[in-house]
Amino acid sequence: MPAEATAARVPPARRFRMIRTVALLAGVVVPSLILRELVESRFGRGPLADLSAVAVPMAATAWLAPYASYRRRDALLWLVGPGIYVFTVIAWRVALAPYRDWSPRPEEKARMRWSRDPEHAGEWYLTEPASGTGHTSSR
């Protein structure tokens, strides 16, 4: 029985990453719901209230997407449905920054190095910080 309890434990690094991911999700979804309620109470139900509900998540997705090897235009997925899934993946990836457990895009490889740190073995490391919007391609 003790072996099963030990196997079910979540490593501290992974637990910290989950907490950061949930905090990012809550920090985007809660203000979105509050904004929707404010707009709905002022203007009533309708397309304006619906668009206000995705305004904050779209902005957050567009801002964080390049840091998770996504494109800024992926924020438009909030308008058709899978935006919450894409943002969850982005939040999960950003929670590990500057290390990456996914393969970098071809245009990012010049700035990435394979980590030799035993704590982050098997992960990529961002060697030079990205500046502005030009750090990922729009293709």
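Here is a short chat about a predicted model of a protein chain.

User: Hi! What should I know before I start?
Analyst: This is a predicted model, where local features need pLDDT of at least 70 and side-chain atom pairs pLDDT 80 or more, while totals for chains, interfaces and linings use all residues. Residues are numbered from 1 along each chain as its sequence is written, and side-chain values use heavy atoms, leaving out hydrogens and water.

User: Thanks! What secondary structure does the protein chain have?
Analyst: It has four helices and three strands, in the order α-α-α-α-β-β-β from the N terminus. Helices (H or I, at least four residues) and strands (E, at least two) are DSSP runs, numbered from the N terminus.

User: Where does Thr-61 lie?
Analyst: Thr-61 lies in helix 3.

User: And is Thr-61 buried or exposed?
Analyst: Thr-61 counts as buried because its relative accessibility is 1%. Buried means under 20% relative accessible area, exposed over 50%, and partly exposed in between (1.4 Å probe, protein chains only).

User: Which residues does Thr-61 touch?
Analyst: Leaving aside residues up to four places away in sequence, Thr-61 touches Asp-74, Ala-75, Trp-78, Phe-87 and Ile-90. Contact means heavy atoms within 4.5 Å.

User: New topic: what's the phi of Ser-69?
Analyst: Ser-69 has a positive phi of about 65°, although it is not a glycine. Ser-69 sits in the loop between helix 3 and helix 4, and it counts as buried because its relative accessibility is 10%.

User: How much of the whole chain is buried?
Analyst: Of the 139 residues of the protein chain, 35% count as buried.
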